[in-house]
Amino acid sequence: MPTVTMVGGGQLARMTHQAAIALGQRLRVLAESQDDPAAQVSPEVVLGSHTDLAALRKAAVGSHALTFDHEQVPTEHLEALVAEGVNVQPPPQALIYAQDKLAMRTKLSELGVPVPAFVPVAVAADAVRFGDEHGWPMVLKAVRGGYDGRGVWMPETAAEAETIARDQLAHGVRLLAEARVDLKRELSAMVARSPYGQAATWPVVETVQRNGQCAVVIAPAQELSEDLAAEAETLALNLAERLGVVGAMAVELFETHDGILLVNELAMRPHNSGHWGMDGARTGQFEQHLRAVLDYPLGDTSALAPVTVMANILGAPEAPAMSMDERLHHLFARIPDAKVHMYGKGERKDRKIGHINVLGDEVAVVREKAERAAHWMSHAVWTDGWDPHGE
Ligand code: AIR
């Protein structure tokens, strides 16, 4: 059976490993530390950095495909691996559009795909000029490297934009400026594609963001017209094909008040907006990602319930005194149908340390339950006031 190498040892690699076990495969991970979520569970850990070509080579030896838990690997290293015969999936010429936001915006514009207005920022004055033209607040983004709200700024004034841009540019961070979209909500269209060219989408979901980070996912997105859902899925399929994507891809979308879809970001790997499918879809994203990078036929992506809600368990500002183990006992006692996925991570404020999936019929009921469960796991506090040690 094949071995797949995943670069990065975070929760995405950990959950991919879980899927690999069921398929009888081995997932080898290149992790920074033995404590990383995937390194804790994988039998084949190569310790090293994703910026070190020698470590990447070591992790790739003998594996059938090399894929990613994050997008931070230098493109020149990936090209070197491809030249040496490593099966890098997604290939570097596709992955670049998930690594480099300027390349992505430029390519999507060329393809006629709607994106927010944008401009590269070479000097701070470029950002100020863009804000003056498109209105304040505006968005400044690091071209490479940001995620979960990191590498994104929303200056309200020209002075603020100037300060941020100067500071970041001085630190060698490449920037782009974007118009802030007046959005109704954020959606995600996920797709997986194989080298053979087979592709399958999951139902389009709504991603609820808090503090620039995904907090909740509602699958499928509620009150989304069939036309708009079809448009989003078609867009994901077309982009996967035109960009030559292999593996899972999330197309993060803004839905405007006028019902227009704009592409925000692309992620070419399993993605937080697909976690609902571990319990809520016939084939989840982690299994599908493995099938895709190994060029197997893809699995059925249909939903198993009318609605699934995923709520992230985020680290509390201060870890609660109650142990995680005890929190889990109480959670199971109160909500036996909550599906819990913990990542084996230390509790740090707002860090994604796990997630909860709840399936059901009524979105309001399912969402309340999932969020109550996730909040309990983060804070050891029930949002409805229940006292686990009371009468
Ligand atoms: N990740 C990668 N890009 C975005 C996200 N959320 C996942 C990957 C990565 C992990 O988050 O699995 O390894 C890093 O999480 P943290 O909390 O250690 O920064």
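The legends below describe close-up views of a predicted model. Local features need pLDDT of at least 70 and side-chain atom pairs count only at pLDDT 80 or more, while totals for chains, interfaces and linings use all residues. Residue numbers start from 1 along each chain as its sequence is written.

View 1. I313 belongs to strand β15, residues 307-314 (strands, E, at least two residues, and helices, H or I, at least four, are DSSP runs numbered from the N terminus). I313 is buried because 26 other C-beta atoms lie within 10 Å (buried: 20 or more such atoms, placed from the backbone; exposed: 12 or fewer; partly exposed: in between). Leaving aside residues up to four places away in sequence, I313 touches I353, G354, H355, I356, A374, M377 and S378 (contact: C-beta atoms, placed from the backbone, within 7 Å). W376 is 63 residues from I313 in sequence, with a C-alpha to C-alpha separation of 8.6 Å.

**View 2. The open sheet β5-β8-β6-β7.** Four strands, in this order, form an open antiparallel sheet (pairing: at least two DSSP bridges between two strands). The edges are β5 (118-121) and β7 (152-153); each has a single partner strand, so one side of each lacks a neighbour in the sheet. Four bridges join β5 to β8 (residues 175-178) in the antiparallel sense, and F118 has E178 in β8 as its bridge partner.

**View 3. Helices on the sheet.** Helix α5 (residues 101-110) packs on the sheet, touching β5, β6 (139-142) and β8, and its direction makes about 45° with that of β8. Helix α7 (residues 158-170) lies across β5, β6, β7 and β8 and runs at about 10° to β6. Axes are lines fitted to C-alpha atoms, for helices over the stretch in contact, and angles between N-to-C directions run from 0 to 180 degrees.

Terms used:
Contact = placed C-beta atoms within 7 Å.
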